[in-house]
Amino acid sequence: MKAIAINPGSAGSLHLREVPRPSLDDVAEGRGVRLRIIRMGLCGTDADLAAGEYGRAPEGDDYLVLGHESLGRVSEVAAAVTEVTPGQLVVIAIRRPGTSVYDRIGRPDLSTDDVFIEAGISRAHGFMTPEVVVPAEYLVPVPEHLEDVAVLTEPLSCITKSLRQADAVQARLGLWQPRRALVTGAGTIGLLATLVLRLRGLDVTTFARRRPPYLNSSLVERIGARYVSAAEADLPSLAERDGPFDIVFEGSGAPVLIEPAVATLAPNGVLALFSVTPGSALLEVDMARLNQAMVLYNRVIVGSAAAAWEDYAQAVKTIARAETDASTRGWLGQLITHRIAGLDPTAIRRHLDGVDGAIKTTVEITEQGTTT
């Protein structure tokens with residue numbers, strides 16, 4: 001059986017390789033589920049893995065099968081499985097239990113282990129292969145009518161988790177009624193965050209580098225948000241014009257935006273940090289002013305990684321709502337701009353290196369796709 005894999009830590013090592021066909025017996029206690037993978041999404045994390053920035057192979061292997069943004073169909077279940085049935089569409093939650101107390105209580109997304117276990121990223125193989133066997137508890141059912149866009153569940157689950165954590169922190173206020181939000185970045189993550197915040201009824205400004213008009217800016221404006229280019233304004237002037245903001249969602253991956261993002265917050269506001277920038281970035285920061293900005297106005301910064309099963313389930317509900325609401329119907333499908341037919345390592349490398357105009361690229365594994 002073929003799979004797309006890398007040798008972790010080795011730049012340019014992405015390759016097509018032969019891997020063993022999995023067995024239901026690979027999962028203990030009769031809890032295995034065999035899936036036929038329909039499609040996988042590519043993202044910036046995959047690009048960083050392919051560039052050798054991070055990633056770890058599972059114990060006993062020197063390679064890592066890529067792929068964590070999944071959509072599959074159940075083809076076989078072991079004896080003890082009751083959660084899903086053959087023929088059902090599912091997505092796969094990627095964080096696996098480690099050794100911390102949070103892992104032991106079923107919250108590996110909050111693990112305090114030094115090295116996390118994430119399928120397709122660290123210490124567990126991913127799903128960019130025609131078949132996988134997965135424990136039933138990691139599967140999230142998807143309604144059949146969402147097949148075309150359900151591959152967006154994993155990135156949307158991470159946004160769901162980030163904003164859920166922000167809401168939990170804001171429970172400190174006793175009364176949390178956010179009205180204005182700022183999203184930094186207009187890639188897949190920024191666009192999905194814009195959607196979620198608009199569905200909440202917030203006034204949203206999305207801030208990104210490129211001048212409009214282009215597809216991303218049009219998608220922002222289609223759902224009633226405001227697109228602003230960094231070529232036209234900076235964050236301080238944006239805060240004066242459209243803010244201050246009760247929520248700032250940082251999805252750009254640009255460390256230089258973090259300090260000015262704090263200054264755009266309203267009193268009692270929350271900055272949700274989601275993006276992870278590999279390597280290091282040395283910046284000169286006025287810590288006294290940053291401290292004043294946080295302390296005097298009760299502002300909060302909260303970081304969030306991975307997602308819990310409940311966040312995947314909520315993400316599926318959000319997709320269903322977006323596909324039902326007249327103002328957003330069809331919007332998610334426009335995020336999938338490119339499709340690669342089959343396990344084509346050359347095409348996958350090209351898209352991970354960056355293709356102009358691409359928002360989300362999918363790899364069509366067991367259904368007909370078109371390479372673009």
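**Charged pairs and packing**

Modeller: The side chains of Glu-69 and Lys-360 form a salt bridge, 2.7 Å from N to O. A salt bridge here is a side-chain nitrogen of Lys or Arg within 4 Å of a carboxyl oxygen of Asp or Glu. This is a predicted model: local features need pLDDT of at least 70 and side-chain atom pairs count only at pLDDT 80 or more, whereas totals for chains, interfaces and linings use all residues. Residues are numbered from 1 along each chain as its sequence is written, and side-chain values use heavy atoms, with hydrogens and water left out.

Colleague: Where do Glu-69 and Lys-360 sit in the chain?

Modeller: Glu-69 is in strand 5 (residues 69-77) and Lys-360 in strand 19, 291 residues apart. Helices (H or I, at least four residues) and strands (E, at least two) are DSSP runs, numbered from the N terminus.

Colleague: Is Glu-69 buried or exposed?

Modeller: Glu-69 is buried, with a relative accessible area of 2%, and Lys-360 is buried with a relative accessible area of 2%. Buried means under 20% relative accessible area, exposed over 50%, and partly exposed in between, using a 1.4 Å probe and protein chains only.

Colleague: How many salt bridges does the structure hold?

Modeller: The structure holds 20. One of them joins Asp-311 and Arg-164 at 2.7 Å, N to O. That pair connects helix 9 (residues 309-324) with helix 3, 147 residues apart. Asp-311 counts as buried at 1% relative accessibility, while Arg-164 is partly exposed at 25%.

Colleague: Turning to helix 11, which of its residues are buried?

Modeller: In helix 11 (residues 345-353), the buried residues are Pro-345, Ala-347, Ile-348, His-351 and Leu-352. They lie on the same side of helix 11 because they cover an arc of only 160° around the axis, the arc being that of the directions from the helix axis to the C-beta atoms.

Colleague: What does the other face carry?

Modeller: The face turned away from the buried side of helix 11 carries the exposed residues Thr-346 and Asp-353.

Colleague: And which residues have the most contacts inside the largest nonpolar core?

Modeller: That core has 93 residues, and those with the most contacts inside it include Leu-35, Phe-249 and Ile-348. Helix 4 (residues 188-199) gives the most to this core, with eight residues. A nonpolar core is a set of buried Ala, Val, Leu, Ile, Met, Phe, Trp, Tyr and Cys residues joined through side-chain atoms within 4.5 Å.
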